Amino acid sequence: MSKEITRQAELFQHLAAVEESIVKECVAVGRPRTAVNLVAVSKYMPESDIQILYDAGHRDFGENYVQELVRKAGTLPGDIRWHFIGALQSNKCKVLAKIPNLSAVETVDSASKAQKLNDNRTDNDSILGIFLQINTSGEDQKSGLAWDATEEVLEVARAVTKFPRLQLRGLMTIGSFSESHAEGVNSDFDRLSKLATTLQTELGVPIGLSMGMSSDFLEAIRQGSTNVRVGRTIFGNRPVKT
Ligand SMILES: *Cc1c(COP(=O)(O)O)cnc(C)c1O
């Protein structure tokens with residue numbers, strides 16, 4: 001078999017396996033499969049890999065680096081739903097917002113960044129989904145609003161709901177390595193879910209939960225995730241960035 005066909009078979013198989021385990025978990029916890037969106041995290045992976053999964057019908061892809069996303073969005077099909085999941089810098093909001101088929105920015109942590117995203121969208125672009133990133137583990141190296149700063153989170157969330165070209169979709173977290181590799185309830189996911197409940201009550205809008213990666217997406221679904229971000233389990237190990 002050619003290298004291309006081998007890669008295609010491999011990616012199909014990985015995606016199907018992830019799909020199947022999501023379906024099983026949804027059945028086990030009594031949630032409809034449609035309640036959980038699967039974002040295939042394609043950072044560092046070539047356009048050809050994304051095209052293969054696109055041809056298999058997959059549409060949601062996640063990227064961490066603005067330049068890489070701009071490059072890929074420029075050549076790949078316009079109905080891909082891109083999710084930006086990397087560290088968000090103020091000075092990158094403008095170029096990000098100019099990607100017409102950017103579906104969501106999952107790492108917003110201030111009203112001023114939300115404003116910049118809103119102001120650089122036009123009426124021709126899709127409404128931009130926003131997740132507020134929450135640092136649920138309290139680790140210094142993790143980005144996001146503090147999980148126990150409820151008032152601040154509410155304030156940013158309220159601001160997002162007022163921007164006409166943005167739609168508040170929910171909260172996002174990464175969580176700690178140790179929680180993600182431990183048995184049982186993940187306390188980072190638990191914090192995110194409780195905070196979302198508070199926001200939902202205060203704002204009266206549904207608040208989704210973007211949580212769960214390769215190592216913990218099944219537990220995340222058990223704990224109510226509406227958006228899982230899976231990279232390595234679909235694409236295999238990423239090349240080391242040099
Ligand atoms: C890279 C990344 C993922 C995917 O991680 P895997 O372990 O490869 O599934 C998910 N979310 C964020 C924020 C990431 O940076």
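Before the close-ups, a word on terms: axes are lines fitted to C-alpha atoms, for helices over the stretch in contact, and angles run from 0 to 180 degrees between N-to-C directions. Helices (H or I, at least four residues) are DSSP runs, numbered from the N terminus. This is a predicted model, where local features need pLDDT of at least 70, side-chain atom pairs count only at pLDDT 80 or more, and totals for chains, interfaces and linings use all residues. Residues are numbered from 1 along each chain as its sequence is written, and side-chain values use heavy atoms, with hydrogens and water left out.

**View 1. Helix H6 packs against helix H8.** Here H6 (residues 150-162) meets H8 (residues 187-203) at about 55 degrees, and their axes are 11 Å apart. That makes the pair oblique (under 35 degrees is roughly parallel, over 145 roughly antiparallel, 65 to 115 roughly perpendicular, and the rest oblique). H6 brings Thr150, Val153, Leu154, Ala157 and Arg158 to the contact, and H8 brings Leu195, Thr198, Leu199, Glu202 and Leu203 (contact means heavy atoms within 4.5 Å). Sorted by class, these residues are 6 nonpolar, 2 polar and 2 charged (Ala, Val, Leu, Ile, Met, Phe, Trp, Tyr, Cys and Pro are nonpolar, Asp, Glu, Lys and Arg charged, and the others, Gly among them, polar).

**View 2. Helix H1 packs against helix H2.** Now look at H1 (residues 3-29) and H2 (residues 47-55), which pack at about 60 degrees with axes 10 Å apart. H1 and H2 are therefore oblique to each other, and their crossing is right-handed. Arg7, Gln8, Leu11, Phe12 and Leu15 of H1 touch Asp49, Ile52 and Leu53 of H2. That contact splits into 5 nonpolar, 1 polar and 2 charged residues.

**View 3. The largest pocket holds about 390 Å³ of space.** A pocket is an open set of points on a 1 Å grid over the protein atoms alone, with protein on both sides within 12 Å along at least five of seven lines; lining residues have an atom within 4 Å of a point. Of the 20 lining residues, Lys43, Ile174, Met213, Arg232 and Arg238 are the closest to the pocket's centre. The lining has 6 nonpolar, 8 polar and 6 charged residues.

Key: Helix = DSSP H or I, 4+ residues; strand = E, 2+ residues; numbered from the N terminus. 1 Å grid on protein atoms, 1.4 Å probe; cavity = no way out; pocket = protein on both sides within 12 Å on 5 of 7 lines; lining within 4 Å. Points joined across faces, edges and corners; volume = space filled by probe spheres on them. Left-handed = near helix turned anticlockwise from the far one by under 90°.
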